There are 2 protein chains.
Amino acid sequence: MSLEHAILVSLAERSASGYDLTRRFDKSIGHFWKASHQQIYKVLGRMEKGDLVSAAVVEQDGRPDKRVYEITADGRHELRDWTVLPTPVERLRSDFAVKIRGMQFGDRDAMVTDIGRHRDAHQGQLDFYLADAAKHYPGDVSDEDLGAYLVLRGGIRYEQGQIEWLDEMLERLASR
Amino acid sequence: MSLEHAILVSLAERSASGYDLTRRFDKSIGHFWKASHQQIYKVLGRMEKGDLVSAAVVEQDGRPDKRVYEITADGRHELRDWTVLPTPVERLRSDFAVKIRGMQFGDRDAMVTDIGRHRDAHQGQLDFYLADAAKHYPGDVSDEDLGAYLVLRGGIRYEQGQIEWLDEMLERLASR
DNA sequence: AGGAGCATGTAACTAGTTACATGATTGT
DNA sequence: ACAATCATGTAACTAGTTACATGCTCCT
């Protein structure tokens, strides 16, 4: 159900079409909750029925019409109510960790290569986050931006932790 | 499809019934891949049809019969082949992060409480991992245990990173 | 007498993925 | 001519969750 909430947060920040949301879910908010356009359109339809969002058709020239969604008062209430409920503490669910765990039954060389790939990918993501932080939050953070900033900080710490772990593994595996 | 691989890894370590696997998925391997017993029985059935595992009915006295699953040669091949393929780099998918991101639209006090709850939960998990590491790997780690050890190291780093992030948030929010 | 543990399932549902579909405009 | 961007969907499928079901033994 949390795609609904992610959409509500995104629309509370700024109204958008399904297409706009899809792009947002490819970056910013999508860094910690990804969604395909198919899923987004499906959920938007359900949310419109539930009066959490309302749609307005906007005609454009040279481009197809679009349905711009706006959060409703009900939607804002739902969002606030949701923040009051305790969030279940999530467990990790990692394909990669399962594979590491099964290392002894696999191909050691291929796995070292794969660990290196992951290291590079996480380094890339970290660089992206750091650039983003430097660009958007060079000084004090406004109350309005605090949530986005804190999540970005979480992303940075996560990527750093991953890189440290991946490096630790590479070091251990190099000496065998 | 990765529950299959998680089960293969677990059965490669030691044969087990669906019930045994369920308990394992409540601890050890379940720390980074959780699964319900319903899902486990369903997947075991599919895997048996695909000859990745084979079952033997074991009669017990004072307890119900059980079907003990063993990994087959095909299963071991599948596991090895899987380790050779590159693992897609996963993005985070976090309800909690979405909620933090939407902080400005929610109840600040409730969220501070929730962050505290998460902090405690992650501290508890970290303590558990540290005790596990101290108990099982006080000295050198054998080749056989390396995968499990490295994943445990990953878990420790992950929990530490989370706690640091949660503390950072609590500190920032206390001063507003 | 009641609850916890052992043991295995079915049924109904929700969320999410993958593949396919359409059609206009703008840039190379 | 061809690809990319804008824009919105349907259809078929897979994975996972929640609720329900059964029945025996051991412990308090």
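**Helix packing and DNA contacts in a predicted model**

Q: In which kind of crossing, left-handed or right-handed, does H7(A) pass H7(B)?
A: In this predicted model, local features need pLDDT of at least 70 and side-chain atom pairs pLDDT 80 or more, whereas totals for chains, interfaces and linings use all residues. Numbering runs from 1 along each chain as its sequence is written, chains are lettered from A and ligands numbered from 1 in the order written, and side-chain values use heavy atoms, without hydrogens or water. Helices are DSSP runs (H or I, at least four residues; strands, E, at least two), numbered from the N terminus. With handedness judged by whether the near helix is turned clockwise from the far one by less than a right angle, the crossing of H7(A) and H7(B) is right-handed.

Q: How is H7(A) oriented relative to H7(B)?
A: Helix H7 (residues 146-174) of chain A packs on helix H7 (residues 146-174) of chain B at about 155°, with axes 9 Å apart. Because angles over 145 degrees count as such, H7(A) and H7(B) are roughly antiparallel.

Q: Which residue has a backbone N or O atom 2.8 Å from a phosphate oxygen of DNA strand D?
A: Polar contacts (N or O pairs within 3.5 Å) include a side-chain atom of B:Gln39 at 3.1 Å from a phosphate oxygen of DNA strand D. The residue with the backbone atom at 2.8 Å is A:Arg67.

Conventions
Axes fitted to C-alpha atoms, helices over the stretch in contact; angles between N-to-C directions. Parallel < 35°, antiparallel > 145°, perpendicular 65-115°, else oblique. Polar contact = N/O pair within 3.5 Å; in protein donor to acceptor, adjacent residues only side chain to side chain.
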